Structure formats: C-alpha cells, structure tokens
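This report describes parts of two chains in a complex. Please look over the sequence and the model below before reading on.

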Amino acid sequence: MDLRELVAAMFLFALIVMPLESLQAQSVRPPANAVNQGIDKQIDEQIGTSNTLGTNSQSDYWRDLRHGKDGLATSGQSGRKLIQAQGEQWRIVRKTYIVKYGGWVLATAIFLIVLFYLIRGKIRLKAGRSGETISRFSLPHRTAHWFMASIFILLSISGLILLLGRTVLMPVIGKNAHSIVASAAMQGHNLFGPLFIVALIWLTFMFIRGNFFQMADLKWILKGGGLLGPHASAGHYNFGEKGWFWLVVIAGSIMAITGMILEFPWLAESLQLLQISVIVHAIGAIALISAALGHIYIGTLGMEGALDSMTTGDVDVVWAKEHHDLWYEEVTGQKVANPEAEGSQSIPDHNQISAQSQTTET
Amino acid sequence: MLRKKIGEVAKGPRLSSALKEMTKGTVDRRTFLKKSGLAVGGIGAAATLTGGRVQKAHAAGSDAKVELKKSVCTNCSVGCTVMAEVQNGVWIGQEPGFDSPFNLGAHCAKGAAAREAAHGDRRLKYPTKLVDGKWKRISWDEAINEVGDIMLDIKKTSGPDSVYWLGSAKHSNEQAYLFRKFYAFWGSNNGDHQARICHSTTVAGVANTWGYGAMTNSYNDIHNSKAMILIGSNPTEAHPVAMQHLMKAKENNNAPLIVCDPRFTRTAAKATEYVRMRPGTDVALIWGILWHILENGWEDKEYIRQRVWGMNYIAEEVARWNPEECERVTGVPGSQLKRVARTLANNRPGTLIWCMGGTQHTNGNNNTRAYCILQLALGNIGKSGGGANIFRGHDNVQGATDFCVLSHSLPGYYGLKKGSWQHWARVWDVSYDYLLGKFASEKLMQSKGIPVSRWIDGVLEDKKNMDQPDNLRAMVFWGHAPNSQTRGGEMKTAMEKLDLLVVIDPYPTVSAVMHDRKDGVYLLPATTQYETYGSVTASNRSLQWREKVIEPVFESLPDHTIMYKFATKLGFADEMFKNIAINNDEPMVEDITREFNKGMWTIGYTGQSPERLKLHMANQHTFDKTTLQAKGGPADGEYYGLPWPCWGTADIKHPGTPNLYDPSKPVAEGGLCFRNRFGLKSPEKWGSENLLADGSYPVDSEIKDGYPEFTMGMLKKLGWDSDLTADERSFIEGLSGDKTNWKVDLTGGIQRVAIKHGCAPFGNAKARTVVWNFPDPIPTHREPLYTPRRDLLDKYATYADKQAYRLPTMYASIQKNDYSKDYPIILTSGRLVEYEGGGDESRSNPWLAELQQDMFVEINTADANNIGIRDGEMVWVETPEKSKIRVKAMLTERVGKGVAFLPFHFGGHFQGKDLRSKYPEGADPYVLGEAANTVMTYGYDSVTQMQESKVSLCKITRA
Amino acid sequence: MSLLQIFEGPLFYIAVTVFMIGATWRILGIIAIGRKTDISPPKASANVGFIAGNLRHFLPRKVFAKRTWVHIVAGYSFHLGLFVLVIFAAPHITFFHDRIWDIRWPALPRWGLIIAAQFAFAGLIMLWVRRFSDPVMRLISDWDDHIGSWLTFLVMLTGCLALQESHDALKATHMLFVDIWLIYFPFSRLMHAMTFFLSRGYTGATYGRKGMNL
Amino acid sequence: MARMKFLCDAERCIECNSCVTACKNEHEIPWGINRRRVVTLSDGKPGERSISVACMHCSDAPCMAVCPVDCFYQTANGVVLHDKDLCIGCGYCFFACPFGAPQYPQAGNFGSRGKMDKCTFCAGGPEDDHSAEEFKKYGRNRIAEGKLPICAEMCSTKALLAGDGNIVSNIYRERVVGRGFGSGAWGWGRAYIGEGRT
C-alpha cells in the first residue's frame, strides 16, 4: 500500500522519491557516556586507540559517530543514524520559542489592533458616501481574493490548533476532545495546503500589476500612511497594501515550499530539513496571520467603504479620492482638490466626475 | 486515566536469571529485590501467566491454560532451547529458556523468530505434483502410490542404485537413523545428507587423527579457554549464541580471540587479532604458525612424547614453511604469524574453532588435519578449555552424521564391510542375506555410494564410466536445499534429465522451481521439528529431547511417518519396523531411540535412553553452565545431554563425555584417551613405530600405559572376563569367541568391564599426525582448482584426476587451464545471520526476510572502482563454468582486494530470471534471489568429495 | 446507542428514505407538468433535440466562455471532484457495502481521494465566492442557494476532517451532515442534480422541434 | 521504585538481530515497522560496532515534549508509553527523537503517517493490562506479567540489557572492569540526562 502510494506520488509529482531510510539527520552528536566517563578517558590515554584486547577504544568508536558515520541498518524506517542530535535543538526551538512567543506575537497583534481601534476608531469618509462609484476590482480579482481568503482562514485555524492547541485548547477541552480536534485540524490542514499554492499563484498573477513600489510610497511612508497624521496620497495600492501583497507572495511561497516538504516527507533529503521546515513554517504562519488580522481589520471594521472593493468591486469616489487619490486621478484624469481643504469645494464636481468615471468605466 | 500501572515491575528471579550468566553470577534474587527496592511480588506476581497470553491466541476460549513446551531450535548446532507457549494447540508465544545451559535464554534472529515456522504462511500445504507444468493437489495415498510405483519400476529396470535418497541434517536422530536404515532396506548406498558438503572433511580428517570426528569439547567449555583461534569460522553469523560463550572467555579470561579469515567478518570485528589470508591456503597458514612454534620450541614436548605419533614427519614439512614462503602463499606477514604463534603458546589451553571456511576445499581433509596437528603440538587436545571445537552447521548435522546418513558407512561409522552389515543385521533383527537380497550385488553393498555433492554427475555422467549399473534416475530431496550445492547450472540439466524428482520438505524449496520440468515432480509436505518430537544432537555431542509443540500444520506429516508409508509401499515395512511400534502410520519415536541404543556402541550412543534425555530436559536448571555437569538433582553428576560417548547401556549410568580424550577424569566419569583405531604399529614406510600411548592414561586406569582396543581375548588375558555376566559371556562366545570386538558386543559387556577397570573400550593410543592411507599422508598445501596463483602450481599443484565414489573426479585436468586472466577475482561464499542453509525456511519467515531483502555480492571498493561499479548497482557475477548470476553490488572493505563474497542462502532467481511464478500457489518465499551456488564451480575433496564452495574465480561486470 | 450509531443507522436510513421519496415525488411532479402542446408541424425531432440540448449545455457558448471561464472550470472541478469522492472513496465503498448493497468496486488510493477532494473544494469555494461577489449572481441567489452550497461544503469538510478514520466523533459529525443534506436535498435547488437534464432537455426538445440549431 | 532502562553493550552486540525478530514475534509487528533496529558502524572495517536501538525511554523524553496532542506518558518506573487513541500521526515525535524510535504504518503523503508505533518496553499501553485491545494496539504486556522486555531477554550475547537501571549499570560496570576498558553504554548520556551516573 505504502509503496503503491509512493510510486503513484512519484508519477503524480514527477519527483524523485527519497527512500524513507534517508529520512535521517546528517551528523550525530555522541552522548557523554553515562556510566564510566572517567574510566574511559584514563584508559583511552593509557591504551590509545587500540590495545592488546584489540577492541578499539571508546574514543575511536565515538569519533566515528561524531563524524556522522552512517551505520548499516538491516531494517527500519529510521535508517542508519544512531543519534540525531538536532532533534533536541528542534524541540527546544519549537517548544521554548515558537510555541511560547508565537502565541504572544498573535496576542499582541490582536491587542494592538484593538488599541488602534479604540484610539483611532473607524476611519470614516470625511465627505461621507457620495453614492458615485468607481470600479476597483474586477470579478476575477475578487474571486481570486476570496478564494485565497477562505483557504487562508481554513489553514490558519487548523494550523493554529496544531501549533497552540496543546497549550491553549487542551487545558480547556481536555485531552480526548483536543485530540479529536487536532486530528481534524491536521487532516484539514494537509488537505487544504496544496490548494493554498493554487490560490497563491492565482492571486499573484491577478494582483501583481500596480503592486510595484513608486516614489509615492516613500511619501506615504513618511506621512506614516496617514493613519494618524495628515493624509498620505497613494496610487491604486498604497504602500501598506503593497507591503501586504509582497508579504503574502514571499512568506506565502515559503509556507508553500516548507508545507510541501512536510506534506510529502520523502521530498526531504534529511530529517533536518523537515525539522527546519516545521520551524520556518510556524514562524511564517505567525507572521502571516498577525498581518492578516491587520488586513482584515482595516478591510472591514477599520475603514468605511473599504470592503466594497472586494464585495461589489466598486468603491465610492469619495473613498477613492481620500485613500487612493493618485489612482483616482489616473482613472478619471482629474486633479483631486487638496483633501485637507473643505470638502464643499469638491462636491460640485461630482456629477462630472462620476460621468468621467463612467466613461472611463465603459 | 493515563497514569497507570504503578509497580508493574519485573519480578526478581527473571531479571537475575536473565542477567546472571552474562556476568559472574552476582545478581541473585535477593540482591535484585534489595537494589530495586521492590515489594516481593507486586502486580508482577499478581499477573497470572494466562493473563498475558489470553489475547495471543486470538481465539475463542482463549482463557484456556497456557502450556510451556520445550523444543530445540532447528537452525544451527548450538542447540538453543526454544520455550513455546501453547494454548488450545496454538503456538502463541516464545519465552527465553533461561535454564538451558547452552543458550541461557538467548537466541539469534532465527531462534527468536522460530514461532513463524508454525504459522507456516508460506509452507507447502498439501501433497502436490507437477502435471504438464501446473501444480496439482493430490492426496497422500496417491502421492505414495504413484511415487512408489515409479521407484519400483526403476529398481526393476536399472537396479536400486538408480534411486538416490538424499536425507537431511534437519531430521531428528530417530528420523536420521530410520532414514539410513530405510535406504539400507531399499538396497542401496546411494544416500547422503548435508554433512557431506559441511563437515565431511572434518570427520574424515579428525577421526583419522585421534579416533572420533566430532567437536572435542563444548561451547560452554570455551569459558575455560585462555586463547581462541577461529579459522574459516564466523560464529557471529553462523552460531551467534556461541559468541556468548566466546565473549565470556574473552572478557573473563582476557582470552585473545584470533580470527583467520579472508573476510573481515563480524566475528573478526570482535577479535583481538585478525589475520587476512588468501582463500584456500589454510594448510600453508597453519604450517606458517607451527613453523614459529617449532622454531622456538613452544610445542608441548612431553604431551607429544606421550600422546602424539609422527610429529617428526610434520616437522620436516613445516620446516619448508618459513615466514617468507608462508607469506608468498597466504599473503600473511610472518611477523603477524609469529605474534599469533606466541599468543597461542603463551595462553594455554587455547581452543581452535573451524567451520566451512576450512572444510569446503579440494584439500579440505588436509586443512582439518593441519588444524588438529597445531592443537596437538600445543598440547591443547583433551583438555578443558582446549580442544578442536568444530562448530557444526545444522541443528542435527552431528546426529545425522553419527547415524551415517552417508553413502560410505552404516550408523556409528561402522563402515560398509560385511562385518558391519552383519552387526546391524543383528541389531535390526534381520538376516544378512535378507539385506543382501535387497542390493544389486554384494560388491555394490560394500562399496561407497555416490555422495550428495556428486549426484549431478550420477545423473549426467556416461554410465560406462560409473561403478554402478546405471545412472541415477530418481532423486528424493528429503529435507535438502539444492541451492546449497555447487554447479547450479549443471544441476538444472540433471534435474531435467531425471525420471522422478521427489521433494519431501516443509517448504517447496528451490528444487521445485529451478528446473523446467513439466511433470514427474512430487512435493510432499513434511513437518518441521516443532510439530514432532525426538532427540537431537548438538555440536558438542549432547543429545536433547524435543517435545512436540503443536500438531502438524495443514496436511504435513512427520518424516518418520512418511518413511513408514513409503516402506509399506515398497514392501519392507514389516522387517524394517519389526521392533518399532506403529500407531496409525506413525512409528513410535522412543522405540527407534531404544533400537539405535542397541547398536551404536562405537561412539557410545547406547546410554542415552529416552527416559534419561527427558529427565535432562526437565531438569536443565540443575546443570552447571560451564562444566555442563548436574549438581544434585535427579541427574546428579551427569553431563547435560549425555554427550557421546555415553558408554554402555543406560543402566550403567555413564554420565557422558563432556570433553573427548581428557585423561584427567576416570573413563567411568567422562574421561578418555586417544582411540586406538589405526593398528598397533605404523606401516614400515612410516617407520613401523608403536602407536599406543606412552605413559598417558585416564585417571584410575588399571593399565598404566597405552593399550589396544578391547576384545574378548584381551579381557581373558587380563583376567577380567570373570566380571562378565553369564548372558554377556554366552552372547560373546556365541558371536565370535575371543575375537569378539567391543564394538559388536550387543550386550555391552566388554566395554562395561573395561570401563569398570578404568580403561577406554576403544584402547589408548597416540593421535597420529600422518594419515598414511590418505592421498596426502602429511597435510600439504595444494592450490585450488581455480587458482589465480599460477606461479605456485609447480610446487603446490593439485591431485591427478581419479575415480572416487563410483565416479570419475577431475583435479589436474581443470587446474591446468589458466582462467585467471578472464576471471581475475577470487570468489568465496558464506552465511548471513538472518538466513540458514538454502534459506527456503528463513526466507519464508517475514520477521527474518524483512531484514535481508537483496542477494548481494561483497566487492572490495578498489576492485569495484577499477571495474566501474557503484554501491547498490546490479552486477553480473560469472565464473569459468559459464554460469552467471545477477546480484546487487555491495562495496566494502570487508573482503580483501581481489576477493568477492556471496551469501549462499538465496534462491528462486536463476541466472537473471525470476522464478517466483513457478512456485506452488502461496508457497513462494517472501524473499527470492540468485543462488550463490549457481556460479560456484567444480572441485571435490580428495577423500570425502566435499564440494569446493569457498574458492573459485569470477568476473564481475555491470548488469 | 452512540451518536455515530444513530447517525449512520436509523437516522441515515430515514434520511435516505426521505431523499428517495422526495426526489421521486419531485421528478414525477415535473414530468407530470408535461409539455405544453405545440400544434405547429415539427421541423425536426424533439427527442434528438432533447438529447442535443443536454449535451450542448455541457460546453459554454463562445460568447460566454471568455467571461465565465472561472465558474466553468470551478463548476466542473467541483462536480467531477465530488462525484469521484462520493463514488470512489474507500471508506464510502465500504460504507455502501455494509449499509446499502452487497457490491464493491475498486477504491481510489488515499492520495487519489485527497486530490479529488481538493478539486471539489477548490471548485465549491470558487463557485460560492462568485455567488456573493458577482453582482448578478448575488442578485439572483437566495437563501436556498447559499444553504445548499454551505451544506455541501460542510458535508465535504467534515468528511475530510475525519480522514484519519480514527475518531467516531468526527465520523459522526460527517454522518450527521450527510443525513441533513440528504433530507434537505429533494426540497431544494440541490435537486438540480436530478433535474438539470430535464430542463435542458425540455428547452432542447422545444427548440429541436422548431428545428433550431443548438 | 525501579527505574527501567535499556543498555546496549557495543562491545558485545554482534548484529544478530535477535532483538528485532524477538520483538516482532512477541508483538506481532507487521513488516515495515521496526520497534527495534540494529545499526552497525564502520561496517566491514576495523572498529566495526553494532548497536541495537529502540526507544530508550528517556527521562526527559523529547517525544513527550513535542507531541501536539500530548499522547505520551511515563509510567511510575520510567517507561515512556503513548496512547494511540490520541495520536494524530503528525510525526513530530519522529523529528524530536534522538534514537529514531517512532515508526509509522504509512508512507506519509498528504501527511498520512498513521498512528505512531514504538517500543513499549513490553509494557503495553493505557488500556487494561492483558486486554485484547492493549495487545492489538501495543503488543504484549510482559512487564505486567512480571517479565522484562523480550529483546533483552533473548539477546544472543546478552549485549542488550534491560531492567532496573541500577542493576543494569552494575552488571555493565562489572563487565567494564573485567575488560579493563569501558565502552558503549550506548545512548545513556542522551537518554538519561540528569539522572546521575546510575
């Protein structure tokens, strides 16, 4: 069965399947001898590496291990290695850093968002909705976005259960229930993983246009994105969005690669690679999720009119002017009056603009 | 819920017993309990045995009680006790047999997986015959009748000698004895078994040196060795449990462990000194060592004076083997051999261990004799801790050899002379003429039959070159794997030329598939030894009694039952089983034992009655783990398994002989001296010197010097005949009066009296180092037939061709051709720990098969790089006789440059062709592979026809 | 009696019954409507039209193809994926065998099952996303559509979450949704699975009769 | 309370694999799963050493630490066991284990490893001792029968020792003294860190 799976998988993914034996670490750390360290040292000094009893002394033997000499195992999935010491490091990193701080990072992210909400509140349209709209995202764009979104959510939830379940969930719902949830989470995670890759590729192609950095972004940065301070003008995408896009693309690809390695272990040359993948995957996940929280906030609660762009695809001109003035100008070919000035000035132009916008639309 | 089982902890006795013997027995129950601070019998004690096994039966009513059955492992000759847990007739588990003095609970991979034999997933399940290329299930009666008719027809047309009865070392003593008797009653000497290709040269060489051909001491006695030298022996893979005993000597006595082998074996890895020699140069090597010993006067002069004859002749030969010459031939530097010699001289007594590496050569008998001579020179024979410890291969190869399932002797090495036949006729309670009537002629009756190694030629040879009326036309493989025999290519042809091919075996074996026959093949399922009972002789001559673990699985039958069925069909059952009770076709095993007890005087198989053997098995724990002697208990003072010779009848309660030729004990208590077997004087060509021992004799001997073997006349001269009872005397007088020899005295009177007076019945002589009746009276080095060293041929050429065992045998005519150009690499073969023999059984055992899934060839990295082979690639190994096999290449330093090694357990592939489809449904082993012996070449020992499977030449190319 | 036993036992059989009866009733109903009589002389065979109509609609019209490729791809990947899942998943085959009939057929290896699932999920998600993000679709979709999609999604999801095949709880959840789905099926747009060929056929027949080239 | 430990004496281990087959035999382990394996170092060269490896039942067991569902537990006498009902087959224990002890019944594509299986020190699992369930999932429970792991009991050269750590180390120490040099109390440093030099 296993074998057939392997063969088929090879065929499917046209990849060289590493035999399971090779799932082992590259170098080995000999343990300090528990019973008679002292004695050994003396004897090694006395008898050197070989003695009349022929049996090469301790030191030789451990040296072999230290040089990561492969053994020859007659059997077993664990192959030729005696000790894979990375396991220990991996455990420490995962347990004491990832799980611990990962959790805190997320918590902090949420906290900051709440804090921001309390301080800044919902970013309203200064001029209120005009009712006039400009098309921002086409249907395929939206589909791609929501496709990614749904996969992302499924993966985040299942992933977080696997990462933090034992610390957060288990104490609450108990071992058995938690194991059930975790089992579901793992199966789900493994199943949706590959879809994430599809989504990612699609998303990248759909959104890469307009996501390259420009001078405007520099100003935007200097103005701190205008979140707190004065307005910062931006094109179709502002720096924040671009940053988010590239984060998704880059971090996403890393997640995809590490994910695949973990999903198809025989792709990994060594256990070490798997261990590293787990770590990187976790870090990437934390980063993406916390960023995503921000993205979701600003896309929904945080900013009036933002959500429209992903539901209907058409945004209110006011929104456009206030948040993506450069884009607005580009689309309509009209200068946006200084947003800092009285909105009243700009109101008369509305019909014209919308007319313009329609024309540009059609 | 997850915190569980506080205090479920091993009870003391087990741990201590488990560990006691591997240390110096310090951990006894009390100390354990003290140290571990456990309450005596916690939950541990509470847990009843049944509890643990309930689920193992996977069967209803599984709360039935679990019985413990004691059997003996059927793999190698160590004789490990297998403790079987049986519930409702299901073999549900194995426990370590801690009480067994041989293995102390230990097993190797094979022993630990013994239970699978009873699952028998891949067993041959019912009688099957080949009908135009298809396997057809038939009933036992059909099988017996059809086979029997064909045989009778062959007997009519070509004579009894055209049917070959190939027995097995896997038979119990009773079955082996019965089998030998069987083909005697059939009327032919064309029967044999694996011993021929295993230790026949040992038996010939050793027996002709000091009397008996068996391992002189025991595995356990190695505990006393101060030095161990292994030549062509690899116990870590072939006798793993024996290593336990070697390790003990190595650790407790700081005994150096010297390994001489062309391969850096796993044993060598544990050695203190490893000597890498060129395959087939054993004699040269030994003489090289002996050269230093004699040179420095390290030999035991007094010992030699008293107990060894002809050392002066040896000295002359050895003198020619100075370090330079020795290195030129063996490739071993003189300095190292000097070190070895000194080590052996300084650490006495030392034991010498050899196996196939020494025996399987065209001059195998020279090798074995050379080994003996080395030990004699050191004065190591007949001493505890010394001895020639010859590890036998199969579980009962010693027994089967003792019962002479061979083509050249009757049970007990009586030979084939008229007297021998008459002796056995008396034991069997039939007339000599009755037996004679069965044979084609008295000449054939008294002439050696074809040995198993040569059956191929028995079929293929032109009949006018043969010393028997016709070719072999029927082969019966009764527990023999053909892939353990060389010349596979020709064997295929031979198999196809036969009229009838019968395989009687628990597994189909390679015999079922390697040929392209369309019919005339019968496969009859025999049981394993776990499905029957009887005695088995371990390498150290101890007999152990097996209990029946389970009833025969599927339709398989015990071998002795099958023999009875055939005997009935062939029409000699009544005479053959005259004194053996039969219950529904199964001969009573104990009766068989008692019958051979009546006749096996020569080697003392007479004292081991079933009762005594069962007693020993039941009281294993009372025997000392080093001396093997019972301390108290019902078997007080006896040695475990009554190692033969166990003199006299069971009633005189001889304890058995733990170490042969050891004069430090009275004969009555297991002491001995060398056997007087070769006359009183050497022939004048060899100075007609006195062969009797000189001033050496077993303790309490009333004759304080050497003496010839006992006869009635001798008793009278000594005036001891008065000790004979009336019936003893009357029988002896009735037999042949004063000439009556102790060997044929069915009452055992003569030896009883001899022993009473502290004398060994077989006399007290010197060991002879010169065997004047052998082709090489003094062991001499001879190059293998396929040798790469043409430069040595002028000095060390092989024998001239000759007629032997009814067949022309080639030596010089092969050696004269130079193959070393096209076939530059020396090819040798050997064992793997997971498999055994032809491997059909072990390769059908998933627990073992999983561990070795590929047939491979070990090639030295340098050679491989020169040829351009990478590790794990498939390669062709081809030998001069033009057969070739396709195997995986394993690059390793284990073999020296210019040497390649093949494990011989694989089968089921033939010259690159996978034969799996040809096996009967569901009986194909899990693992198949090329048989090494498909490519192993011609070459037979000059005395015993042992096959040359350790040296050939080959060419390795990428596949 | 454990929840699982209930969900895959009685409740399941009830659901199946409801499903069967309901579905048959619906179909009979539709057939009962019959075709409104057309007195004009037929220009071509209505039956051919019926079949042609069915076949024709498996492929989009060129004019739409470019604009609707997403949901065509999605649609196919969902429906085919789901079909494979339902029919060839080893656990399903066993379940059918144990619960419904005594026949078996070769199952997909695990990886095949998962790949099928992935197609199905991808398709379903895309279709649903489109349903609410395409103004037209959003307009014409009512609760029935959304519930249908969601039920199906949940059935698939719970199924895939139970892939380890080791926890009854997970299997039970899956079965529960299956049961609900079955019961919901006949009375919802899910029926399209059984009726689409009728509608397509109907149009096909009428047009065919009129001799239109489909 | 006894602290159960394994000790493999590299000086004695001859790679006969009896520990492997004994284990398979005792617990009916299927082909492909090896709770115990034998590794040979510098195979075929001087200094060749073989060592029998399985779960060492570490004091501070990495597997226990990393298991996302916390399915491991350590019995009162130090045996590390796991609960297959909880195991989700994620493979983390295999990443963490220094000895490559965890084994999985499946190939592992789409993360399908199946439930982890490993050496139980012949101590079964969380189910009731000797229950059919326990045997099916974890094999035989010898400890509860008052016996020791079969692999050690059947070791051909008594290289593999199992039992109360104190006794085991005493035996080993005796050997070391007998040999005059020490070697190969293999894996103790790693497995039993912080338990002192028992």
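How many bridges join strand β29 (residues 908-910) of chain B to β30(B)? The structure is a predicted model, and in it two bridges join these strands, which run antiparallel. In this pairing, B:F910 stands opposite B:K913 of β30(B).

Both strands belong to an open sheet of three strands in chain B, with the order β30-β29-β31 and mixed pairing. The edges of this sheet are β30 (913-914) and β31 (929-930) of chain B; each has a single partner strand, so one side of each is left without a neighbour in the sheet. Strands of a sheet pair through backbone hydrogen bonds, and the pairing may be parallel or antiparallel.

**Chain B as a whole**

The secondary structure of chain B consists of 36 helices and 32 strands. For 959 residues, a compact globule would have a radius of gyration near 30 Å; the 27 Å of chain B agrees with this. The C-alpha trace of chain B spans about 75 × 70 × 65 Å along its principal axes. Of the 959 residues in chain B, 67% are buried. Considering contacts in chain B between residues at least 6 apart in sequence, 73% join residues at least 24 apart.

**A strand pair in chain D**

Strand β1 (residues 4-8) of chain D has five of its five residues buried, so the strand is largely enclosed by the rest of the structure. From β1(D), the residues D:M4, D:F6 and D:C8 point one way, while D:K5 and D:L7 point the other way; all are buried. The partner is strand β6 (residues 160-164) of chain D, joined to β1(D) by five bridges, and the two run antiparallel. Within β6(D), D:D164 is the bridge partner of D:M4.

| Strand pair | Bridges | Direction |
|---|---|---|
| β29(B) and β30(B) | two bridges | antiparallel |
| β1(D) and β6(D) | five bridges | antiparallel |

**Confidence of the prediction**

Chain D has a mean pLDDT of 85, with 89% of its residues at 70 or more. Which elements of chain D have the lowest and the highest mean pLDDT? The lowest value, 66, belongs to helix α7 (residues 188-191) of chain D, and the highest, 94, to strand β5 (residues 80-82) of chain D. For the complex, the predictor gives an ipTM of 0.83 and a pTM of 0.84.

Terms used: Residues numbered from 1 in each chain as written. Chains lettered and ligands numbered in written order. Predicted model: local features only at pLDDT ≥ 70, side-chain atom pairs only at ≥ 80, totals over all residues. Helix = DSSP H or I, 4+ residues; strand = E, 2+ residues; numbered from the N terminus. Rg over C-alpha atoms; globule rule 2.2 N^0.38 Å. Buried ≥ 20, exposed ≤ 12 C-beta atoms within 10 Å, placed from the backbone. Contact = placed C-beta atoms within 7 Å. pLDDT = per-residue confidence, 0-100. Pairing = 2+ DSSP bridges.
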